[in-house]
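Me: I'd like to learn how to read this structure feature by feature. Can you walk me through it?

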Amino acid sequence: MNDVAAATLFPAAARAAPRVPVLDVADLSVEFRTRSGTVRALDGVSLQVHRGECLGVVGESGSGKSVTAYAVMRLLDPAARITGGRITFGGMDMLGAGDADLADLRGRELSMIFQSPRASLNPIRPVGTQIADVLLRHGGVTRAQAPARAAALLAEVGIPDPERRARAYPFELSGGMCQRVGIALALACRPALLIADEPTTGLDVTTQAVIMDLVLGLAKARGMATVLITHDLGLATEYCDSIAVMHAGHVVETAPTAALFATPRHPYTARLIGATPRPGLALGDLASIPGSLPDLRRDDLPACRFLDRCERVRPDCAAAPLPRRTEAARMVACRYPL
Amino acid sequence: MNDAPLLEVAALQKRFPIGGGGLLARRAPGLLHAVEDVSFTLRAGETLGLVGESGCGKSTLARLLARLLDPSGGSIRLRGEEIGGVAAQRFGASPRRADIQMVFQDAEGSINLRHSAFEAIARPLRRLRGLAGPALHGKVTATATLCGLPAELLPRFPHQLSGGQKARVGIARAVATEPALLVLDEPTSALDVSVQVVILDLLKSLQARTGAAYIFVSHDLNVVRLLCDRVLVMYLGRVVEEGPAGDLFTAPAHPYTRALVGAVSVPGRPRAAERVRLAGEPRSPIDPDPNACRFHGRCPIGQDRCARTVPPVHALPGGRRVACHFPLTDGALAAA
Amino acid sequence: MSAASLAHARHVLSGNPVTALAFGLFALLVGTAIIGPELVPFDPIAAAGPALQPPSARHPFGTDAIGRDVFSRVIAAARLDLGMAFAAVAIVFACGTLAGAAAGLFGGWTDRIVGRLADTIMAFPLFVLAMGIVAALGNTVTNIVIATAVVNFPLYVRIARTEASTRRGAGYVEAARLSGYGEAHILFREILPNLLPIMMVQVSLTLGYAILNCAGLSFIGLGVRPPAPEWGIMVAEGASAIISGEWWIALFPGLALMTAVFTFNLLGDGLRDIVDPRRRT
């Protein structure tokens with residue numbers, strides 16, 4: 001799928017003035033029905049990603065960052081229900097779209113890299129064939145051309161000897177190689193948006209750097225928008241233009257990267273930074289975050305889900321609605337920001 | 001206070017046979033050189049960090065030191081007594097078993113799902129210290145309290161505990177017998193950053209209290225910096241650099257250490273303009289060339305000599321050692 | 001079982017009436033086997049009326065060629081059939097699980113010997129092997145039980161071995177070694193208890209096969225001898241009578257066999273739902 005074809009089918013995304021977002025998530029709420037109750041996994045999540053930009057979604061486990069990614073891809077578990085909000089991708093309403101349209105979109109315009117490189121590859125098919133599958137599914141290549149194009153894509157992601165490696169099975173490749181194949185798969189059709197869900201967990205630090213450089217390099221070269229989901233603040237600092245911090249299903253703060261670390265506005269952001277090891281700080285300089293995530297199955301969740309852990313809490317913090325103050329490019333969801 | 005080292009490791013080696021072998025083998029099995037010629041000493045109260053990529057041998061080394069694996073060569077001496085000779089299977093009966101314990105990365109996997117927290121902590125005490133009844137109960141409760149586990153959590157099973165609580169159970173179990181040496185294999189890498197701080201604090205305070213020596217295996221250099229006095233950097237089974245944590249990371253002498261330090265991302269600090277990038281993958285650890293530096297081929301400063309002779313170990317000021325033909329010593333000398 | 005497991009069990013049973021039915025039938029079968037023979041209206045091995053009578057109020061399942069009440073025989077046979085099946089499965093469960101777990105945990109020669117033994121047994125068509133064993137050792141109930149146990153041995157070994165070797169490197173096994181426990185303790189106290197739930201599922205599935213095996217051997221004359229009431233023999237006796245129109249002699253024991261196998265299979269599925277952690281949401 002070359003850029004011309006993409007532009008024809010997705011004129012909005014291709015010609016979008018830089019300030020019209022490629023992905024616009026507005027006030028998204030998601031619930032999961034489980035045996036022990038309804039989990040209010042996401043509540044009023046709003047994010048935007050623009051062309052050529054990388055948005056980091058950071059948070060600890062249970063913050064809802066992966067749920068958000070899967071919701072955007074419309075790949076949520078059957079037990080999930082989207083109870084509110086809008087997801088707009090390139091001008092198209094994702095929540096109203098039919099399955100056929102979504103299947104068409106995924107892989108071609110909207111793509112994802114998963115946390116475990118081996119889990120996202122079919123273990124019984126050679127990697128070149130898997131890439132060719134994506135190319136054939138979304139058109140643009142013939143059966144005869146597909147193997148060559150697949151090998152070219154493997155070369156693009158830095159796999160040496162790509163023609164031979166295309167015939168390899170995933171178990172013959174190392175973790176770093178498998179993740180590169182995953183990236184090649186995701187980028188095969190030159191999508192307009194790439195979601196990377198913890199793409200470097202389990203990889204060595206040296207490999208991590210190479211993989212991230214590769215992904216973001218390709219993204220910048222093609223004007224592709226990227227969402228990087230991670231719990232690693234360091235990774236987010238290095239590769240993201242702006243960062244959205246999530247806690248217990250809320251986006252608590254959004255800001256350009258430098259500004260977020262220089263002047264965090266939300267108490268959780270400040271504490272998260274304060275708990276992360278950095279050179280120059282001793283163990284005694286770090287502070288943990290008291291308490292733990294609230295039980296999202298409760299019916300009586302307060303408007304601010306951080307208030308049980310916040311040292312700045314005041315009585316009216318529990319009152320709905322949770323205020324979201326926006327100024328310049330920053331948003332903070334707090335009644336009494338720092 | 002006795003100043004003799006607690007642990008002395010000399011030329012420790014572990015090789016695994018791979019492939020071939022068996023009854024009708026045509027070829028001799030290849031040997032995977034997991035750990036090769038590792039030597040160091042450790043004093044009581046000290047924390048030694050082990051860092052390196054996956055496949056560098058740090059986990060194997062950790063298990064050799066915890067005597068879960070038998071070395072193929074070399075010696076391990078605990079308080080002067082050689083413990084490498086006893087087979088791992090029989091080490092459980094040795095009186096030294098209680099002196100060396102281990103904390104695992106996956107706290108959940110390290111607790112039998114059918115055992116309560118109490119049972120998990122009680123087992124080493126029952127077997128190694130022969131405690132029973134009220135004495136056992138008292139010791140388990142005391143250890144749990146020491147590790148920040150409230151008594152009401154003790155009857156719970158692993159699936160009823162949070163990640164941080166499970167980590168505490170793993171630590172409580174390891175310190176219950178008051179070991180002199182504690183091997184920690186990535187104890188916090190599965191934990192959220194806020195929980196990590198608390199667990200690291202706990203480990204530090206336990207060490208201050210008991211005077212135990214720690215061997216801390218981790219891939220996260222930022223965490224290693226927090227807790228470790230000295231660090232061993234490993235690559236494909238060999239120690240490539242050793243030194244005090246602070247100096248080693250600010251002014252690495254080995255090109256691999258330099259690449260490792262350069263690859264670490266720091267929150268709030270934008271990417272350095274020039275960063276050493278390591279191309280390719282590590283070489284195979286099976287039957288490596290005995291006459292070449294194992295880092296050759298990926299090393300940014302590699303030369304002919306590196307392919308022909310094993311690098312010698314240079315001693316640098318400040319208690320540092322480097323195994324390289326061309327150590328980057330300018331910064332190292334300045335830092336010492 | 002902890003409270004959570006019981007709650008999960010209740011949940012599965014309430015959401016799945018078929019499984020609840022299986023448990024009910026299982027209870028009924030076991031009850032029949034235990035007290036049935038005491039409650040039957042007629043003596044299963046003595047003539048109770050005219051021969052070859054179709055089902056009636058007095059003989060709900062009719063009478064057979066010698067005049068015995070088929071209903072009483074079917075009920076009485078439950079004890080023998082279920083007894084043989086349970087005994088065989090109990091033996092193979094104990095031996096197979098232990099051998100397989102040891103092979104998986106220790107590897108080396110234990111693994112090789114157990115593996116070759118299982119392979120040798122699997123090389124034969126299993127029923128033919130059972131026939132061979134009974135023919136060689138003699139037509140007794142004991143030998144049927146032994147033959148059935150032997151024939152199921154590879155299955156248990158294989159499952160136990162896989163599960164044990166997966167757990168061999170688990171953290172808690174290493175932790176047990178660090179606590180000073182030896183390999184025997186690890187096998188019996190760490191590995192086997194964790195294997196039990198999975199093996200339980202296999203037990204109930206194998207019970208069905210075991211009953212068929214025992215009945216099958218008796219059907220071809222290699223098992224229990226007449227006049228002992230046993231479903232397989234009864235089907236054999238009734239098979240020749242079908243042509244002459246006496247359908248009830250073979251049908252009812254056949255239905256009983258079918259019910260028993262059906263119950264055990266459903267039970268196995270239900271147990272798997274309860275026990276398999278991956279099914280829990």
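Me: How many residues of domain 1 of chain B are in contact with domain 2 of chain B?

Reply: Two residues count as in contact if their C-beta atoms, placed from the backbone, lie within 7 Å. Here, 15 residues of domain 1 of chain B touch 14 residues of domain 2 of chain B. Bear in mind that this is a predicted model, where local features need pLDDT of at least 70, side-chain atom pairs count only at pLDDT 80 or more, and totals for chains, interfaces and linings use all residues. Residues are numbered from 1 along each chain as its sequence is written, while chains are lettered from A and ligands numbered from 1 in the order in which they are written.

Me: Which elements of domain 1 of chain B each supply at least two residues of that side?

Reply: Helices (H or I, at least four residues) and strands (E, at least two) are DSSP runs, numbered from the N terminus. In chain B, strand E3 (47-51) and H7 each give at least two residues to the side of domain 1 that touches domain 2. By class, that side has seven nonpolar, five polar and three charged residues. Ala, Val, Leu, Ile, Met, Phe, Trp, Tyr, Cys and Pro count as nonpolar, Asp, Glu, Lys and Arg as charged, and the others, Gly among them, as polar.

Me: And where do the domains of chain B run?

Reply: The bounds come from an automatic or database domain assignment. For chain B it gives domain 1 (44-76 + 87-228) and domain 2 (231-267 + 281-336). Their centres, taken over C-alpha atoms, are 30 Å apart.

Me: Which strand of chain B do four bridges join to E12(B)?

Reply: Strands pair if DSSP finds at least two bridges between them. Four bridges link strand E11 (residues 313-316) of chain B to E12(B), and the two run antiparallel. Leu316(B) sits opposite Arg320(B) in E12(B). The hairpin of E11(B) and E12(B) has three residues between the strands, and Gly318(B) takes a positive phi near 85 degrees there. Strand E12 (residues 320-323) of chain B also pairs with strand E10 (residues 238-244) of chain B, antiparallel over two bridges. Glu241(B) has Val322(B) in E12(B) as its bridge partner.

Me: What about chain B against chain A: how many residues are in contact?

Reply: 31 residues of chain B are in contact with 30 residues of chain A. On the chain B side, the largest share, seven residues, comes from H6(B). That side has 15 nonpolar, seven polar and nine charged residues.
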